[in-house]
Amino acid sequence: MIAIRAERGRLWSVLGLLVVLQFALRPRLGIPSVAPDFLMVALLLFAIRSRPGAAAVAGFLVGLAGDAMSPARIGAGALAHSVVGYLAAWGRAVFFPDNLFVNGLVIMLGVWLRNAIQLLASGSGPGSLARELFVWAPLQALTTALTATLVMVLFQRWLDIRIEG
Amino acid sequence: MPPRSDRTLSRRDTALFAACLIASVLMLARPVWGEAVAGVVRRSVLVPFLRIQGWAEASRTSRASFDTLRAQRDSATYAAQFLPALRAENQRLRSLLSLGARLTVPYRAAEVLHQSVPTDGRTMLLSIGSRQGVREFSPVIGPDGLLGVVRTVDRDRSLAMTWAHPDFRASAFALTVGVFGVVRAAVQVTGSEQLLQLRGVAIRDSVPIGTLVVTSGLGGVYPPGIPVGIVAGQAEEETGWERIYVLHPVANPAAASQVLVLLGSTDSSLAKLFTGDSVP
């Protein structure tokens, strides 16, 4: 029981650090649409270690926070993050092995899918949607996945991740 | 307590997911409810995080501009030695050329707190709010022209809707030809640039490519004379009763890090703030 609590405490410490980095470090990283999304890293690291219901609720809360700060269409962010959180947790339970590369790939796909759902739910035009989905979203997904990989390497014991090919 | 069965846990997961989806869809369908919930979140849980982000933005911009400011201070110190003579000479030359005085419009500078979501450029979270005098419908401008309008005001933060937002509209007219229309974000996008449309131009009027389009002042939200875009071409008309022109925007909200929020009356023209006042 004590070991499980310590493990959870370490996971929450990493997630808390990522939330702080989102607001303290991300603004200094240049182009906002390409800079890594630390909140998505935190959400997906939480999701792939949780049950789908808890991941969906976490996604909803992260999305709601995003909607509150950048409300192009309120509810779009909550919807997108809920779906991505749920799918990541569900996919982890059904398909994904627990290793570094797969976790990085899941995070990359998660960011891209989040952007796709949010843009569709926000009512973007086809041209704008194509540009976002095929130019900016892959770039942000890549930087976010690289950041997540770095976090997983640095905190691999805390996050209980095996370093494999 | 006995462990719950997989089926029970699975049902609970599905129920939680469905609840999240329903809540999201409700907020999408009823923007008033969504805005109420988002406002509460913004004014409570997010306050410390936004404060951290405000410090980070201020630190970034101040560090980047430190050298420039030091150089400008040195130049200003040097120039200040000749200030009284220059001011008198400037006044004399302006009166000789029949130029008016520079406009003094009350404004507040604000940092833009960019977010990581893909729709970031459609709205801007600003680092000032009602305590600094910002009101709903205060125009937001950048060094190059119009960026948007304040939509929601909190005590220390405000949210602006930019021209890239689908709901944005501004009455505008094309300089030199004096043609009026309504500016909104273009549905189609060419290349990597988000464009604007000037709609509602009468069939009998035409606007040459390269013409600057500025706010007209009609409607009372935006002062007249703020540059909005430059005519890039004519779009296809569907209705047959109007001309639609495509504009290259002069200011990019997604790249703006600092903006000005206008606080004063919207009656006087701001054209002279954006154009050189020397006679060619």
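Okay, let's begin with chain B: if you take its contacts between residues at least 6 apart in sequence, 61% of them join residues at least 24 apart. Keep in mind that this is a predicted model.

What is chain B built from? Five helices and 12 strands. Of its 280 residues, 35% are buried.

Now have a look at the barrel in chain B. Six strands form it, in the order β6-β7-β8-β11-β10-β9, and the barrel is closed, with antiparallel pairing. On average, neighbouring strands in this sheet are turned by 40° against each other, ignoring direction.

Let's zoom in on one pair there. Strand β7 of chain B covers residues 179-185, strand β8 of chain B covers residues 196-202, and the two run antiparallel, joined by four bridges.

Over to chain A, and helix α6, residues 126-154. With 29 residues at 1.5 Å a residue, α6 of chain A should span 42 Å, and its end C-alpha atoms sit 40 Å apart, so the two agree. Still, α6(A) has a kink of about 35° at Ala137(A), shortly before the proline Pro138(A).

And which residues of α6(A) are buried? Ala137(A), the kink residue, is one of them. Others on the list include Ser128(A), Glu132(A), Gln140(A), Ala141(A), Thr144(A), Ala145(A) and Ala148(A). When you look at that pattern, remember that an α-helix has 3.6 residues a turn, so residues three or four places apart point the same way.

That's my tour, thanks!

Note on methods: Residues are numbered from 1 along each chain as its sequence is written. Chains are lettered from A and ligands numbered from 1 in the order in which they are written. This is a predicted model: local features need pLDDT of at least 70, side-chain atom pairs count only at pLDDT 80 or more; totals for chains, interfaces and linings use all residues. Two strands pair if DSSP finds at least two bridges between them. Axes are lines fitted to C-alpha atoms, for helices over the stretch in contact, and angles run from 0 to 180 degrees between N-to-C directions. The expected span of a helix is 1.5 Å times one less than its number of residues. The bend at a residue is the angle between axes fitted to the seven residues ending there and the seven starting there. A residue is buried if 20 or more other C-beta atoms lie within 10 Å of its own, exposed if 12 or fewer, and partly exposed in between; C-beta atoms are placed from the backbone. Two residues are in contact if their C-beta atoms, placed from the backbone, lie within 7 Å.
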